[in-house]
Amino acid sequence: MGTQWWQLKDAELFGVFAESNPRRRALDTAVLAALLAGSTRGPTWTLSDIHRLLREVGYEEPVGNEDLAESIQRLIDAGHVVADPNYTEPVASYTDGLRRREAWSLTRRGRVVVAAVRDAQLRLERTMQLPARLLDSVEQTLRSLAAHHRDDAEMLAPVLAQVRTQLEQLQEASGDFYSAVGALTRPDVSDDEAFTANCRHILLALQQFAWRTEQSLGQVRAAFDEIHALGTETVVRRALPGAGVLDVEAQDAWVAQRVRELSDLQAWLDPGGAVELLVSAAADAVHALLGAIDRRFHAATRGSDLGSDFRQVARMLHAQPDAPAAFQVFAATFGLWPSRHPLTSAEDDVAPAILSASGSGQPVQVVLRRTQRGVASAGRPRNIPDLSRARRDASTRNREVLERLVAVTGALATDGRVPLSHFDGLDAEHTSALASLLDEALDAFDAAAGCGVAELAGARLTVWPGLTGHWVDTCFEEGVLTTVDLLVEVYTVTHESDEEAA
């Protein structure tokens with residue numbers, strides 16, 4: 001029979017939806033929903049694409065690139081999202097070359113889990129559904145299988161996919177029917193709203209679902225007999241070329257699954273199956289409905305309803321003049337009469353309990369050790385090389401490089417926002433520092449803030465978009481940079497650690 005779905009346990013499958021922080025949980029779920037919507041349109045999606053998809057799925061709260069990147073990383077760690085470099089995109093600049101590596105998509109696990117959670121949530125929120133002609137649609141599906149088996153085998157696979165859908169509809173409809181019947185036998189039948197809703201569901205089930213189901217049962221069984229005459233597995237095997245199952249090893253599993261679904265559907269329709277039990281349960285539903293009406297009618301007179309009984313006791317307790325009288329009513333209602341109980345002596349009962357609870361004291365010697373107990377000695381101590389001089393030399397070299405870089409970036413400081421043409425004529429060293437700052441700021445561009453910020457060696461650069469569609473040329477000693485119009489501001493920053501060192 002193979003492994004069933006309920007035997008495949010994966011505790012972390014839905015863990016991403018159990019995030020304790022509500023804001024992060026909402027953002028992670030919205031990102032998954034956005035990527036699920038995008039998975040039908042393209043292979044990978046960048047940060048700007050995900051921003052647009054978030055608005056499409058209804059996530060209106062503004063979110064920065066940093067928060068979005070952290071959310072994506074959490075989903076990558078959970079196995080729902082994977083980074084997919086897209087090297088087919090045209091590259092116009094070095095920044096575009098960096099950005100084309102920042103694209104993501106849902107994994108197969110993520111796509112299936114997100115769709116499952118979405119469908120489960122929609123099913124939880126749906127109302128009671130009892131399709132009156134559900135068995136008629138099952139009959140049409142079976143007749144279509146027989147017709148396509150003779151005429152058009154490539155259409156068998158789409159029709160077989162409907163079998164699983166109709167089997168799930170039968171399960172949901174019968175579950176809703178039995179839930180409505182069970183609600184009439186509960187103590188809350190005195191609740192007018194609950195009784196009215198369940199009564200209406202039962203009447204709809206009797207008038208539309210159960211009656212029409214009984215009428216169509218014979219026709220569906222005749223359609224199944226026609227499928228059996230052709231051979232169930234033969235029909236499914238003939239549908240395999242049109243199913244699009246590329247993996248050869250998965251083809252047998254696909255056939256076995258479709259044969260099992262047809263067998264499960266027939267089990268519902270066989271004599272004594274779930275559909276016949278549901279039709280016979282219609283009589284029980286009538287009795288439950290009549291019993292509920294009778295209990296509601298006599299609830300106020302002879303206390304046949306538990307909720308009415310408790311409300312009557314509460315009114316009697318409230319009407320008593322003092323606490324002793326109220327206690328007498330309470331005792332008479334629930335049978336709590338006083339009674340005597342034998343008592344044992346204190347010597348036989350209390351003293352042993354005290355001794356057993358306290359126990360006898362035992363001296364404990366506490367020893368402080370330099371190493372853990374049981375740690376073996378390492379033998380003779382080894383000579384540890386003195387690395388202090390090497391560290392000082394390396395620290396000196398790093399400080400010199402950093403001081404030089406601070407001087408270079410400090411020379412790039414501007415008086416407010418300036419266009420890129422402000423940096424015409426820069427030498428190679430200053431151009432390299434400016435290019436590093438620009439690349440980092442453009443990669444970190446935040447659509448919500450409308451700018452990108454980068455920091456390097458005591459200088460902070462902020463970049464804003466200029467005129468839309470306008471391209472500019474900036475001439476350096478190393479060559480000409482052609483890019484979209486940008487406004488740049490560079491200023492020096494001083495950290496607290498630098499001030500303390502000075």
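Visitor: What makes up the protein in terms of helices and strands?
Guide: The predicted model has 17 helices and eight strands. Buried residues make up 31% of the 502 residues. Of the contacts with a separation of 6 or more, 64% are between residues 24 or more positions apart.

Visitor: Why is V114 called buried?
Guide: Its relative accessibility is 7%. Buried means under 20%, so V114 counts as buried. This residue lies in helix α5, residues 108-125.

Visitor: What does V114 touch?
Guide: Leave out residues up to four places away in sequence, and V114 touches F17, L32 and L36. A33 also belongs in this picture: V114 and A33 are 81 residues apart in sequence, yet their C-alpha atoms are 7.1 Å apart in space.

Visitor: Why does T232 count as buried?
Guide: Its value is 17%. The cut-off for buried is under 20%, so T232 counts as buried. T232 sits in helix α9, which covers residues 232-239. Beyond its neighbours within four places in sequence, T232 is in contact with I227, V259 and L262.

Visitor: Why is G450 called partly exposed?
Guide: G450 has 26% relative accessibility. G450 is in the loop between α16 and β4.

Visitor: Which residues is G450 in contact with?
Guide: Setting aside neighbours within four places in sequence, they are F445, W464 and P465. Take W464: G450 and W464 are 14 residues apart along the chain, and their C-alpha atoms are separated by 6.8 Å.

Visitor: How do you know that R417 lies over the face of W464?
Guide: R417 is at 3.7 Å from the ring centre. The distance limit for a charge over a ring is 6 Å, and the charge must also be within 35 degrees of the ring normal. R417 is listed as lying over the face of W464.

Visitor: Is C451 buried or exposed?
Guide: C451 is at 16%, so C451 counts as buried. The limit is under 20%.

Visitor: And why is C475 called partly exposed?
Guide: C475 is at 40%. That value falls between 20% and 50%, so C475 counts as partly exposed.

Visitor: What is the order of the strands in the open sheet?
Guide: The sheet has four strands, in the order β3-β8-β5-β4, with antiparallel pairing.

Visitor: Why are β3 and β4 at the edges?
Guide: β3 (418-419) and β4 (452-456) each have a single partner strand, so one side of each is left without a neighbour in the sheet.

Visitor: What packs on the sheet?
Guide: Helix α16, residues 428-443, does. This helix touches β4, β5 and β8 (486-492). Its direction makes about 140° with that of β4.

Visitor: How do you know that β4 and β5 pair?
Guide: Pairing takes at least two bridges. Five bridges join β4 to β5 (residues 459-465), and the two run antiparallel. In β5, V453 has T462 as its bridge partner. A454 stands opposite L461, and L456 stands opposite A459.

Visitor: Which residue takes a positive phi in the hairpin of β4 and β5?
Guide: A457 does, with a phi near 50°. Two residues lie between the strands of this hairpin.

Visitor: How do you know that β5 pairs with β8?
Guide: The test is again at least two bridges. Seven bridges join β5 to β8, and these strands run antiparallel. One example is T462, whose bridge partner in β8 is E489.

Visitor: What makes β5 mostly covered?
Guide: Five of its seven residues are buried. Each buried residue is under 20% relative accessible area.

How values were computed:
Residues are numbered from 1 along each chain as its sequence is written. This is a predicted model: local features need pLDDT of at least 70, side-chain atom pairs count only at pLDDT 80 or more; totals for chains, interfaces and linings use all residues. Side-chain values use heavy atoms; hydrogens and water are left out. Buried means under 20% relative accessible area, exposed over 50%, partly exposed in between (1.4 Å probe, protein chains only). Contact means heavy atoms within 4.5 Å. Axes are lines fitted to C-alpha atoms, for helices over the stretch in contact, and angles run from 0 to 180 degrees between N-to-C directions.
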